[in-house]
Amino acid sequence: MNKSSFNVLGCYILWGLLPVFWKLLAGVNSAYVLAQRVVFSCVFCVCVLAVKKNTGVIKQILGNKHERRRYLLCGVTISINWGVYILTVAMGRILEASLAYYMNPLFSVLIGAVFFKEKLSTVQWVSVGLAFAGVMFSIVRYGAVPYLAIVIALSFALYGALKKGIKADSETSICMETMSVLPIAIAFIAYAQFSGFTTFASLSVSEMLLLAASGIVTSVPLIMFAQGIKRTSMVTSGILMYINPTLQLLVGVLIYHEAFTQTNAITFAFVWAAVILFVYDSLKKHKKTTAG
């Protein structure tokens with residue numbers, strides 16, 4: 001593995017350990033945590049761009065109506081992903097969050113097929129079918145849809161699709177995405193403060209520091225990913241991707257002692273089988289491409 005691959009690996013490890021960070025903020029309203037995450041992520045990225053003396057790109061993007069709309073859509077989509085993920089961890093459902101990121105590549109494949117008319121191989125269709133069977137088993141067994149996992153996976157897949165047309169680097173992209181929803185975040189923080197349901201006075205010093213750090217925690221892995229993915233093969237990145245949900249699963253079971261039930265085991269078995277087939281198909285295609 002080269003330096004770029006290690007950046008990608010580091011990014012996935014940090015994402016896999018993120019539940020520990022958000023769990024520390026479980027006592028704070030999840031919507032309020034999301035709003036502060038948006039604010040501090042934007043502030044952090046503006047500081048990075050200022051250090052790089054690259055703030056002029058913000059003016060260029062703001063002057064382009066089409067670009068502003070695209071970043072707004074990205075900002076709304078990733079905010080939904082962040083918010084539901086924070087809520088899922090706070091509710092003590094880290095296993096469901098990990099399931100989401102096992103399913104995410106399969107949702108991305110489906111979006112590619114539906115919106116970008118990409119052709120799916122037989123193996124990819126089987127992978128999607130297995131993942132669907134696993135989710136359906138959970139629905140039948142529990143009588144409830146794992147809606148949090150589905151929203152997290154689908155929102156991140158849609159976010160990835162929307163990002164296809166964006167050429168800006170990671171810190172610029174995050175800056176513009178968070179800036180586009182910044183007025184909503186600030187308005188919500190002001191409402192929370194004046195309505196009294198979450199005030200600055202009600203937060204402990206550690207919670208304030210954690211909220212301030214949320215911008216760094218959000219942005220650094222994305223910057224690492226952006227730097228690493230440029231020189232890392234998609235096959236390597238695709239395989240390393242599953243370190244993230246695997247670590248989340250281990251964190252949920254080993255650190256927070258979430259019950260890994262028989263139903264969980266069967267659902268995850270279907271999804272893991274889908275993932276193995278998906279990776280196998282990717283490796284096979286990669287070998288054909290390099291051989292040709």
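**Exercises on rings and burial**

Phe 197 is partly exposed, because its relative accessible area is 39% and this class lies between buried (under 20%) and exposed (over 50%), with a 1.4 Å probe and protein chains only. The model is predicted: local features need pLDDT of at least 70, side-chain atom pairs need 80 or more, and totals for chains, interfaces and linings use all residues. Residues are numbered from 1 along each chain as its sequence is written, and side-chain values use heavy atoms, without hydrogens or water.

**Exercise 1.** Classify the ring pair Phe 268 and Trp 272.

*Solution.* 
- Step 1. Rings of Phe, Tyr and Trp (its six-membered ring) pair if their centres lie within 6.5 Å; planes under 30 degrees apart are stacked, over 60 edge-to-face, the rest tilted.
- Step 2. The centres of Phe 268 and Trp 272 are 5.4 Å apart and the planes are at 50°, so the pair is tilted.
- Step 3. Both residues belong to helix H12, four residues apart, which means about one helical turn. Helices here are DSSP runs (H or I, at least four residues), numbered from the N terminus.
- Step 4. Phe 268 is buried at 2%, whereas Trp 272 is partly exposed at 31%.

**Exercise 2.** Is Phe 278 buried or exposed, and which residues does Phe 278 contact beyond four places in sequence?

*Solution.* 
- Step 1. Phe 278 lies in helix H12, residues 262-291.
- Step 2. Its relative accessibility is 14%, so Phe 278 is buried.
- Step 3. Its contacts (heavy atoms within 4.5 Å) include Pro 105, Leu 106 and Tyr 242.

Notes. Helices (H or I, at least four residues) and strands (E, at least two) are DSSP runs, numbered from the N terminus.
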